Amino acid sequence: MPGADPMRGKAVIEKAACAACHAIPGIKWPQGELGPSLDGFADQGMIAGRFSNRPDLLVRYIRNAPSMTPGTAMPAMPISEGEARDAAAYLYTLHDR
Ligand code: HEC
């Protein structure tokens, strides 16, 4: 993703406490289980089983999942577009092992 920085994204993910609901490799946090594990996310074909796993859709989803999937338990996150791009870049480093 041009202009996006996975290492900055890691810090965004920590600050936004995404791991309160998601197991995310590399993030030391409670590793909550309300949301799906994001391990191997880069190799997943779909986002939330509905949208093709493309950077633009992922950035939109991370910032405001309820606008795309009304009623979802994934909340809108109070982060900027740039922060969401960085966070997405980090998620795209998570390949299946
Ligand atoms: C309050 C709990 C919660 C928080 C906080 C949260 N999520 Fe989620 N997330 C969910 C749930 C629940 C889903 C499943 C949504 C669905 O399928 O409708 C989800 C789905 C996702 C997905 C799609 C996963 C897949 O397998 O397709 C991604 C990517 C994601 N979240 C990233 C993030 C990021 C990045 C953050 C932090 C900026 C975050 N989430 C914060 C609960 C949360």
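The shell around the ligand holds 18 nonpolar residues, four polar residues and no charged ones. Here Ala, Val, Leu, Ile, Met, Phe, Trp, Tyr, Cys and Pro count as nonpolar, Asp, Glu, Lys and Arg as charged, and the others, Gly among them, as polar. The model is predicted: local features need pLDDT of at least 70, side-chain atom pairs count only at pLDDT 80 or more, and totals for chains, interfaces and linings use all residues. Numbering runs from 1 along each chain as its sequence is written, and side-chain values use heavy atoms, without hydrogens or water.

Of the 22 residues around the ligand (a heavy atom within 4 Å), Cys-18, Cys-21, His-22, Ala-48 and Met-74 come nearest. Strand S1 (46-47) and helix H2 (55-68) each supply at least two shell residues. H2 gives the largest share, three residues. Helices (H or I, at least four residues) and strands (E, at least two) are DSSP runs, numbered from the N terminus.

A polar side-chain atom of Gln-44 lies 2.9 Å from a ligand oxygen. A backbone N or O atom of Ala-48 lies 2.5 Å from an oxygen atom of the ligand. Such polar contacts pair N or O atoms within 3.5 Å.

His-22 (NE2) and Met-74 (SD) coordinate the iron atom of the ligand at 1.9 to 2.1 Å. Donors are N, O and S atoms within 2.8 Å of the metal (3.2 Å for Na, K and Ca). The iron site is octahedral, with angles of 88 to 179° among its six donor atoms. Six donors count as octahedral if opposite donors are over 155 degrees apart and all others between 65 and 115.

Terms used:
Polar contact = N/O pair within 3.5 Å; in protein donor to acceptor, adjacent residues only side chain to side chain. Tetrahedral: all angles 85-135°; square planar, octahedral: opposite > 155°, others 65-115°.
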